[in-house]
Amino acid sequence: MMLEDLFATIQSRKHSDPTSSWTAQLLAKGPEKCAEKFGEEAVEAIIEAVKNDKAKLTSEAADVLYHLLVMLASRDVALSDVFAELTRRQHQSGLAEKESR
C-alpha cells in the first residue's frame with residue numbers, strides 16, 4: 001500500500017458514520033484529538049527504537065504514518081503539498097534548510 005492510497009482511504013472516511021470506522025471516529029473527535037493520537041504513536045515508536053525491537057518498531061512506524069495522515073486530513077493538508085515541500089527541500093542540504101527556518 002502506498003501512502004497516497006492510505007491517504008485516499010482516510011479522506012474517504014472523513015464524512016463516514018463514526019460508528020462504522022475507527023478513522024471516522026478519530027476524525028469526528030477533531031484535529032486536536034488526531035494530533036494527540038499522532039503524538040502518542042510517535043512516543044511508542046521512539047520507545048521501540050530505543051529498545052531496538054525491530055518488529056515492534058515496524059508496527060509502531062505503521063501506526064505513526066497512519067496517524068500522521070489522519071492528522072493531516074483533519075486539518076485539510078494535502079499529502080501532495082507535503083510531498084511538494086519534501087521535493088523543494090531535496091535540492092538543498094539539511095543544514096542549509098534548518099538555517100532558513
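Predicted model: local features only at pLDDT ≥ 70, side-chain atom pairs only at ≥ 80, totals over all residues.
View 1. The C-alpha atoms fill a box of roughly 45 × 35 × 25 Å along the principal axes. Of the 101 residues, 27% count as buried; buried means under 20% relative accessible area, exposed over 50%, and partly exposed in between (1.4 Å probe, protein chains only).

**View 2. Into the largest nonpolar core.** This core has 13 residues, and F7, I10, L27, C34, L69 and V70 touch the most other members. A nonpolar core here is a set of buried Ala, Val, Leu, Ile, Met, Phe, Trp, Tyr and Cys residues joined through side-chain atoms within 4.5 Å. Helices α1 (3-12), α2 (22-28) and α4 (54-74) each put in at least two residues, with α4 giving the largest share, 6 residues. Skip the neighbours within four places in sequence, and L69 is in contact (heavy atoms within 4.5 Å) with L3, L6, F7, I10 and L79.

**View 3. T23, tucked into helix α2.** T23 lies in helix α2 and is buried, with a relative accessible area of 6%. Leaving aside neighbours within four places in sequence, T23 is in contact with I10, R13, Y66 and V70.

**View 4. Two salt bridges across the chain.** The structure holds 8 salt bridges, each a side-chain nitrogen of Lys or Arg within 4 Å of a carboxyl oxygen of Asp or Glu. In one of them, D76 meets K14 at 2.4 Å, N to O. D76 sits in the loop between α4 and α5 (79-90) and K14 in the loop between α1 and α2, 62 residues apart. D76 is exposed at 62% relative accessible area, while K14 is partly exposed at 24%. The other pair is E32 with R75, closest N and O atoms 3.5 Å apart. E32 lies in helix α3 (residues 31-51) and R75 in the loop between α4 and α5, so this pair ties together parts 43 residues apart in sequence. Both E32 and R75 are exposed.

View 5. E41 and K37 both lie in α3, 4 residues apart, about one turn of the helix, and their closest N and O atoms are 3.7 Å apart. E41 counts as buried at 7% relative accessibility, and so does K37 at 15%. Salt bridges with shared partners join K37, E40 and E41 into one network.

**Notes.** Residues are numbered from 1 along each chain as its sequence is written, and side-chain values use heavy atoms, with hydrogens and water left out. Local features need pLDDT of at least 70 and side-chain atom pairs count only at pLDDT 80 or more, while totals for chains, interfaces and linings use all residues.
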